[in-house]
Amino acid sequence: MQENYKYNIYMFVVTIFFGMTYVLTKICLNYTKEFHIISFRFLIAFVVSLVFLYKKIFPIKRKVFFYSLFLGALLFLIFVTMTIGVKYTTATNASFLISLSVILIPFFSWFLNKERPKKSIFIVLIISLIGIILLTLDKNLKFHIGDILCLICTSLFTFHIILTERIVKNNNPTALGVLQFAWVSLFSFFIQYPIENFVIPKNKTF
């Protein structure tokens, strides 16, 4: 199998699982709080990744440690806005709005890397903006707070992707990814304890 086909399949699988995120998060919000979900989600991700990928992670360079801290803080904000956004909008709206990061990447890259998007991208952007208006504006032509948070998440996610593209070129991508799981879980636990208290969810559905 050629490399490009293999990685296209990987991205397709990622898309399926990431699409399930919104529905599963919506279900989990019926049984616990937002920061609980983020804390346990990323703690589990970190532990599982560490067990299976530790040979590719260590030794960790100081530069990778600090890059992962920065990207982890940004990823934490992404999942805070996403999780709270999903709480106050539908899973369908959240998935559509956050997926718009794919459209925004060329424009962010244009601003940061001076790479002008193709003309076809502008047409897609206009169609996407019409889609946003049809999906998110209510009868009073107002956005709901959940939709606004999802749009903020989209911008942060786009910025995270572009920064990651730059950083991984000269750094260990596996270590960067796994350490980000740890940072997001840690940030969330620190905020979770004073706001929501530390409680391990016991409901089987969760």
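Analyst: Happy to; below we take the labels one at a time and set each value against its criterion. Keep in mind that this is a predicted model.

User: What makes up the secondary structure of the protein?

Analyst: The protein holds eight helices and zero strands. Following the sequence, the pattern reads α-α-α-α-α-α-α-α.

User: How is the surface made up, and what about charge?

Analyst: The accessible surface is about 13,000 Å², with 71% belonging to carbon and sulfur atoms. There are 20 positive and 7 negative side chains, and 6 Å separates the centres of the two sets. Buried residues account for 35% of the 206 residues.

User: Why does Thr 158 count as buried?

Analyst: Buried means under 20% relative accessible area. Thr 158 has 0% relative accessibility, so Thr 158 counts as buried. This residue sits in helix α7 (residues 145-168). Setting aside residues up to four places away in sequence, Thr 158 touches Ser 101, Leu 104, Ile 105 and Phe 108.

User: And why is Val 80 buried?

Analyst: The relative accessible area of Val 80 is 14%, and the cut-off for buried is under 20%, so Val 80 is buried. Val 80 belongs to helix α3. Beyond its neighbours within four places in sequence, Val 80 is in contact with Phe 35 and Ile 38. Val 80 and Ser 188 lie 108 residues apart in sequence, with 8.7 Å from C-alpha to C-alpha.

User: What makes the pair of Phe 65 and Trp 183 edge-to-face?

Analyst: By the ring-pair rule, the count comes to 11 aromatic pairs. In the pair of Phe 65 and Trp 183, the centres are 5.4 Å apart and the planes are at 70 degrees. Rings pair if their centres lie within 6.5 Å, and planes over 60 degrees apart count as edge-to-face, so this pair is edge-to-face. Phe 65 is in helix α3 and Trp 183 in helix α8 (residues 173-196), so the pair ties together parts that are 118 residues apart in sequence.

User: Why is the pair of Trp 183 and Phe 187 stacked?

Analyst: Here the ring centres of Trp 183 and Phe 187 are 6.0 Å apart and the planes are at 20 degrees. Planes under 30 degrees apart count as stacked, so the pair is stacked. Both residues lie in helix α8, four residues apart, about one turn of the helix. One aromatic cluster includes Phe 65, Trp 183 and Phe 187, along with Phe 35, Phe 66 and Phe 76.

User: Are Phe 65, Trp 183 and Phe 187 buried or partly exposed?

Analyst: Trp 183 counts as buried, at 16% relative accessibility. Phe 65, at 33%, counts as partly exposed, and so does Phe 187 at 23%.

User: How do you know where the cis peptide bond is?

Analyst: The peptide bond from Phe 58 to Pro 59 is cis, with omega near -5 degrees. Most peptide bonds are trans. Pro 59 lies in the loop between α2 (34-57) and α3 (62-87).

Note on methods:
Residues are numbered from 1 along each chain as its sequence is written. This is a predicted model: local features need pLDDT of at least 70, side-chain atom pairs count only at pLDDT 80 or more; totals for chains, interfaces and linings use all residues. Side-chain values use heavy atoms; hydrogens and water are left out. Helices (H or I, at least four residues) and strands (E, at least two) are DSSP runs, numbered from the N terminus. Buried means under 20% relative accessible area, exposed over 50%, partly exposed in between (1.4 Å probe, protein chains only). Accessible areas come from the Shrake-Rupley method with a 1.4 Å probe; for residues, only the protein chains shown count as cover. Lys and Arg count as positive and Asp and Glu as negative; His and the chain ends are not counted. The place of a charge is taken as NZ of Lys, CZ of Arg, CG of Asp or CD of Glu. Contact means heavy atoms within 4.5 Å.
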